Amino acid sequence: MPKSSKVTQRDQGNEPVTESVADLLALEEPVDYRQSVLNVAGENWTKQQPDGEEAVEDRPAWNNKLEYILAQIGYSVGLGNVWRFPYLCQKNGGGAYLVPYLVLLILIGIPLFFLELAVGQRIRRGSIGVWNYICPRLGGIGFSSCLVCLFVGLYYNVIIGWSIFYFFKSFQYPLPWSECPILKNGSIATVEPECDKSSATTFFWYRDALDISNSISEGGGLNWRMTLCLLVAWSIVCLAVIKGIQSSGKVMYFSSLFPYVVLICFLVRGLLLRGAVDGIVHMFTPKLDKMLDIQVWREAATQVFFALGLGFGGVIAFSSYNKQNNNCHFDAALVSLINFFTSVLATLVVFAVLGFKANVMNEKCVVENAEKILGYLNTNVLSHELIPPHVNFSHLTSKDYSEMYAVIKTIKKEHFDRLGLDPCILEEELDKSVQGTGLAFIAFTEAMTHFPASPFWSVMFFLMLINLGLGSMIGTMTGITTPIIDMFKVRKEVLTVGCCIFAFFVGLIFVQRSGNYFVNMFDDYSATLPLTLVVILENIAVAWIYGTKKFMLELTDMLGFRPYRFYFYTWKYISPLCMAGLMIASVIQLVVTPPGYNAWIREEAAEKYVYYPQWALGILVSLIILAILPLPVIFILRQFHLVSDGSNALSVTYKKGRMMKDISNLEDNDETRFILSKVPSETPSPMPTHRSYLGPGTTSPMEMTSVANGRFSSGYHMATTPESEL
């Protein structure tokens with residue numbers, strides 16, 4: 001006879017029946033646990049529930065599957081797809097870069113994205129609750145994710161503020177960055193020297209928009225226009241997320257779809273521009289030798305990692321509002337592939353436009369140097385015999401100029417440098433790689449000044465940037481608010497408004513005259529190392545502590561089919577090794593290359609790479625340490641039982657006539673105590689082993705057996721929506 005069973009005698013017969021405690025409870029009517037001995041929290045409860053209704057967790061849910069998919073797409077497809085991926089593609093071998101990117105997307109991106117979707121959907125909590133539930137000693141993962149989300153949100157919304165500034169500046173013709181400003185001193189008019197030395201778009205960005213200082217040490221006070229734009233940006237974000245997914249889900253219909261409309265319009269318009277094909281061909285011409293460069297693979301892994309938003313907690317938060325039978329495997333593949341094809345689409349658009357810009361700049365170079373040659377011919381510095389007879393200065397082509405340049409360089413070899421002639425090679429113009437703000441606010445804006453109806457295209461472009469940033473910010477804010485709401489049960493409206501107000505005031509550091517340098521610091525160093533470590537520990541917690549085999553069984557139960565064994569090997573071996581390699585490479589890169597930034601020197605009207613001062617290095621290191629700190633702190637506190645890990649907490653959920661109870665961490669004698677509220681032993685264990693550490697063959701902590709609904713079919717089920725385990 002089993003240890004935990006007993007023999008009972010039914011009134012209707014003499015046959016002994018062996019029934020376990022769980023079997024006996026299956027015959028009981030559903031009870032109100034707050035009025036019964038199951039009320040382990042000792043809560044007072046006087047409100048009567050309507051007959052036939054059970055208390056269920058009041059957790060929001062997506063209105064439909066489309067809202068959820070658009071939310072995940074809006075979160076993963078962000079500004080990096082438009083201004084980071086094209087730069088990496090150009091820098092790292094053109095079309096050849098797509099090979100390591102796709103390989104790492106399959107080996108790292110999709111499996112880890114699927115993992116985060118699955119744990120969020122199964123446990124139905126934010127990042128803090130999920131990792132507290134799976135492995136309390138690694139509960140610091142959720143807190144680190146929230147901190148990194150905060151750091152990223154602080155500076156990311158500043159970029160939205162910049163886009164808002166350019167958006168409103170676009171409603172004028174000609175565009176304000178199309179020409180250098182003229183300085184008038186009486187009857188004398190001169191071009192602004194800083195603009196004359198650089199370009200109109202560069203001057204507008206650094207001087208008119210940012211009014212930037214010469215270094216990070218020169219604060220220079222607040223830029224009031226950017227401060228106002230930052231306030232508008234945080235107001236938009238606050239309104240979008242104040243009602244949780246009920247409000248953000250509606251916003252996603254526009255913010256997720258509108259960028260695709262703009263990208264397609266830009267692609268069609270770009271392909272009609274002269275030189276667009278040159279840019280696209282140059283972009284996708286593969287440089288196969290780059291595929292053997294380890295640096296290319298490191299940058300591809302980093303881009304895959306950040307493109308999908310792994311480790312931030314937004315993916316888990318969005319997924320936690322799903323139904324448990326949702327096919328998250330399909331969602332992971334769909335969102336990952338859409339993200340990749342969006343990056344390729346953005347790359348086509350960027351290089352179609354930059355190809356046009358390169359042709360315009362090359363023609364300008366040819367005209368300027370042809371005028372120099374004519375001057376030398378008129379002053380007899382050069383002989384007319386050096387000019388090929390078919391060359392016509394009135395209609396000089398790039399090919400004619402290149403031929404003439406080669407002849408002059410060959411004949412006047414000794415004195416050629418004194419002539420100051422430029423080669424005007426189109427490929428060199430196309431090779432001028434730009435990324436980030438340099439691409440969006442300088443290169444792309446300069447190209448749009450040459451478009452017909454340029455204000456219209458400028459308005460569309462910056463409205464697209466605002467929506468791309470808004471989609472990512474909604475996911476980032478959800479990654480912060482959802483775990484806190486789950487843990488502390490605060491009102492989401494109060495929490496959201498409080499977070500936005502706090503973030504706005506802290507974010508004022510980014511809208512002072514030196515604010516751009518702080519944006520670059522946060523962008524380069526606040527997230528890379530902490531998030532890489534977070535995702536490694538997420539992978540270890542599921543694959544090695546909870547167990548890959550048990551997790552695959554959970555997925556089979558949840559999805560209704562067994563996922564491919566490919567995921568078993570990637571979660572257990574390939575992804576941890578790849579992420580560890582990325583972590584080591586990032587640390588080496590940080591040590592080998594001293595941290596620095598590109599400072600805009602006003603007197604020289606040029607960028608200059610300078611190293612961070614000691615106090616700035618202190619801030620940089622503090623950001624990394626602060627983001628990682630919850631990991632060892634939570635581990636130590638729970639390892640030595642300094643705080644409760646919540647392993648004795650009993651989570652109850654009543655739904656559809658079932659009573660689901662998590663008793664997987666109770667010992668045999670504790671089952672009696674659980675039912676009868678009696679203590680079987682005088683010295684029970686103060687810290688029983690948590691569910692996550694159960695050995696092979698035991699009941700899975702997240703497993704829920706399938707029992708038919710009905711009065712006599714209720715029994716114990718494992719809680720799939722646990723309360724906070726802290």
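Residues are numbered from 1 along each chain as its sequence is written, and side-chain values use heavy atoms, with hydrogens and water left out. Because the model is predicted, local features need pLDDT of at least 70 and side-chain atom pairs count only at pLDDT 80 or more, whereas totals for chains, interfaces and linings use all residues.

Helices (DSSP runs of H or I, at least four residues) and strands (E, at least two) are numbered from the N terminus.

Contact means heavy atoms within 4.5 Å. Leaving aside neighbours within four places in sequence, Ser319 is in contact with Tyr68, Gln72, Leu117, Gly120 and Gln121. The side chain of Ser319 also reaches the backbone nitrogen of Gln121 at 3.3 Å.

With residues up to four places away in sequence not counted, Ala541 touches Trp131, Ile134, Leu138 and Tyr546. Between Ala541 and Cys135 the C-alpha to C-alpha distance is 6.5 Å, although 406 residues separate them in sequence.

Strands pair if DSSP finds at least two bridges between them. Trp600 stands opposite Glu607 in β6. Four residues lie between the strands of this hairpin, where Ala605 takes a positive phi near 50°.

Notes: Polar contact = N/O pair within 3.5 Å; in protein donor to acceptor, adjacent residues only side chain to side chain.
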